[in-house]
Amino acid sequence: MNRITLIATATFGLEKVVKNEVMALGFENTKVSEGKVEFEATLADIPRANLWLRCADRVLLKIGEFEASTFDELFEKTKALPWEDIITEDGKFDVNGKAVKSTLGSIRACQSIVKKAVVERLKQKYNKEWFEETGPEFTIQISMLKDVAVLTIDTSGAGLHKRGYREAGGEAPLKETLAAALVLLSFWNADRILIDPMCGSGTILIEAAMIARHMAPGLKRGFASERWPAIDENYWREARLAARDAILPDRKLQIFGYDIDEKSIAACRINAANAGVGDVILFERKDLKDVWINEKYGIVISNPPYGVRMSEFKEINEIYIAIHKAFRKKWGWSLYILTADEMFPKYFKRARPDRVRKLYNGKIKVDYYQYYGEKPGYGDRPAENDMPDQPDQTASDNLP
Ligand SMILES: C[S@@+](CC[C@H](N)C(=O)[O-])C[C@H]1O[C@@H](n2cnc3c(N)ncnc32)[C@H](O)[C@@H]1O
């Protein structure tokens with residue numbers, strides 16, 4: 001099994017971000033479709049893809065793809081695939097899946113046919129009638145779209161958003177994969193100031209710091225395929241060593257997180273320390289109304305509370321007004337706001353958003369409003385325009 005096809009699954013709207021990540025890892029033949037990015041690789045690449053992809057949900061190993069409009073066809077074509085190349089004699093396996101616009105609409109029936117076909121194949125190959133399923137786990141997925149079945153085995157195990165650093169959660173935390181994508185979709189880079197004034201459990205800022213320090217997001221967790229004999233354990237060892245070597249531990253950053261809730265700030269500190277970036281993010285309990293920015297240029301990435309999940313309308317309204325007051329005249333600041341509330345742009349009147357991206361936070365449809373600030377060096381605006389109404393403490397007082 002030299003050349004293989006891997007599929008990095010992606011939340012709707014993030015396919016291109018994942019494609020860029022896949023290409024940055026050196027994979028060339030990529031194919032993007034809704035919810036996934038396919039690419040050619042070798043078994044040795046499975047560790048690297050799992051360790052490094054920040055915005056993908058999972059990495060699946062494609063075993064086969066074929067047309068099937070009857071159960072017999074599904075059974076025979078599934079049985080013809082080389083499952084024994086990956087699934088061991090003692091392997092424990094389950095089948096899950098989805099079916100969209102297909103004649104075989106009952107996904108439960110499809111799953112059961114696939115399971116039977118794989119068992120039949122393994123019986124023949126291992127010359128055995130009964131499998132105890134006590135060994136490594138293999139989760140098979142069947143995905144039916146317009147009568148075409150794609151059969152895969154999940155190499156990741158727990159979803160890639162589970163980095164292993166977030167033990168303490170604030171209210172309504174973002175998935176780490178989405179938080180990383182928000183950073184990658186922004187103009188932020190390691191030389192610029194970054195603030196999340198409603199940082200919750202700190203996910204956006206922690207992901208940003210990990211990006212800036214070249215830290216592989218999967219370095220602190222395990223993966224299902226780590227126990228597969230088909231993947232030489234040296235591949236894993238080498239990929240982990242290379243990921244450790246890639247870290248830039250001394251890279252100084254200017255990242256600030258605020259939240260009105262003391263417990264959230266305590267959680268941020270624990271999470272950032274777990275992630276290995278506790279030394280570069282300054283977290284402080286602060287009401288958004290008191291955030292005072294004395295720097296001319298910077299980036300804000302945040303997701304305010306929104307009604308469907310948390311606060312009441314009045315509170316949200318006040319938050320929008322506070323964002324507006326703090327940033328309306330900050331011409332050098334770019335603002336990136338993720339919210340499910342379509343009313344948001346009505347309150348932030350600095351300008352129309354330069355770009356709005358439709359994304360999903362779990363099952364909730366959200367918009368990512370992007371307001372681009374002037375580039376550093378522009379400097380034509382009168383200085384007083386940069387001053388919000390009431391100074392409190394300046395972000396620059398805290399610069400490391
Ligand atoms: C949707 S959550 C942010 C979640 C965060 N992105 C994460 O991944 O954990 C919104 C946060 O806004 C905070 N918040 C609400 N009102 C605030 C205010 N007036 N000033 C600062 N933070 C506020 C809440 O405490 C909550 O943690």
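User: Which residues of helix H6 are buried?

Analyst: This is a predicted model, in which local features need pLDDT of at least 70, side-chain atom pairs count only at pLDDT 80 or more, and totals for chains, interfaces and linings use all residues. Residues are numbered from 1 along each chain as its sequence is written, and side-chain values use heavy atoms, with hydrogens and water left out. Helices (H or I, at least four residues) and strands (E, at least two) are DSSP runs numbered from the N terminus, while buried means under 20% relative accessible area, exposed over 50%, and partly exposed in between (1.4 Å probe, protein chains only). By that rule the buried residues of H6 are Thr 203, Ile 204, Leu 205, Ile 206, Glu 207, Ala 208, Ala 209, Met 210, Ile 211 and Ala 212.

User: Why is H6 largely enclosed, and what covers its buried residues?

Analyst: H6 is largely enclosed by the rest of the structure because 10 of its 10 residues are buried. Contact here means heavy atoms within 4.5 Å. The cover over the buried residues of H6 includes helix H5 (176–184), strand E8 (194–196), strand E9 (255–259), helix H8 (262–275), strand E10 (281–285) and E12.

User: What do the buried residues of H9 pack against?

Analyst: H9 (residues 313–327) has 15 residues and reaches 21 Å from its first C-alpha to its last, close to the expected 21 Å at 1.5 Å a residue, where the expected span is 1.5 Å times one less than the number of residues. Its buried residues are Ile 316, Ile 319, Tyr 320, Ala 322, Ile 323, His 324, Ala 326 and Phe 327. They pack against strand E12 (298–302), strand E13 (333–339) and helix H10 (344–347).

User: How far is the nearest cysteine sulfur from that of Cys 268?

Analyst: A disulfide is a pair of cysteine sulfur atoms within 2.5 Å, and by this rule the count is zero. Cys 268 is buried, at a relative accessible area of 0%. It is in no disulfide, and the nearest cysteine sulfur, that of Cys 199, lies at 3.7 Å.

User: Which residues come nearest to the ligand, and how far is the side chain of Ser 201 from a ligand oxygen?

Analyst: A residue is near a molecule or strand if one of its heavy atoms lies within 4 Å of it. There are 20 residues around the ligand, and those that come nearest are Ser 201, Thr 203, Asp 259, Leu 288 and Asn 303.

User: At what distance does a polar backbone atom of Ile 260 lie from a ligand nitrogen?

Analyst: A polar contact is a pair of N or O atoms within 3.5 Å; within protein, one must be able to donate a hydrogen and the other to accept it, and residues adjacent in sequence count only if both atoms are side-chain atoms. Thr 203 places a polar side-chain atom 2.7 Å from a ligand oxygen. For the backbone of Ile 260 and a ligand nitrogen, the distance is 3.2 Å.

User: Is Asn 127 buried or exposed?

Analyst: Asn 127 has a positive phi of about 55° although it is not a glycine. It lies in the loop between helix H4 (107–126) and strand E6 (137–145). With a relative accessible area of 71%, Asn 127 is exposed.
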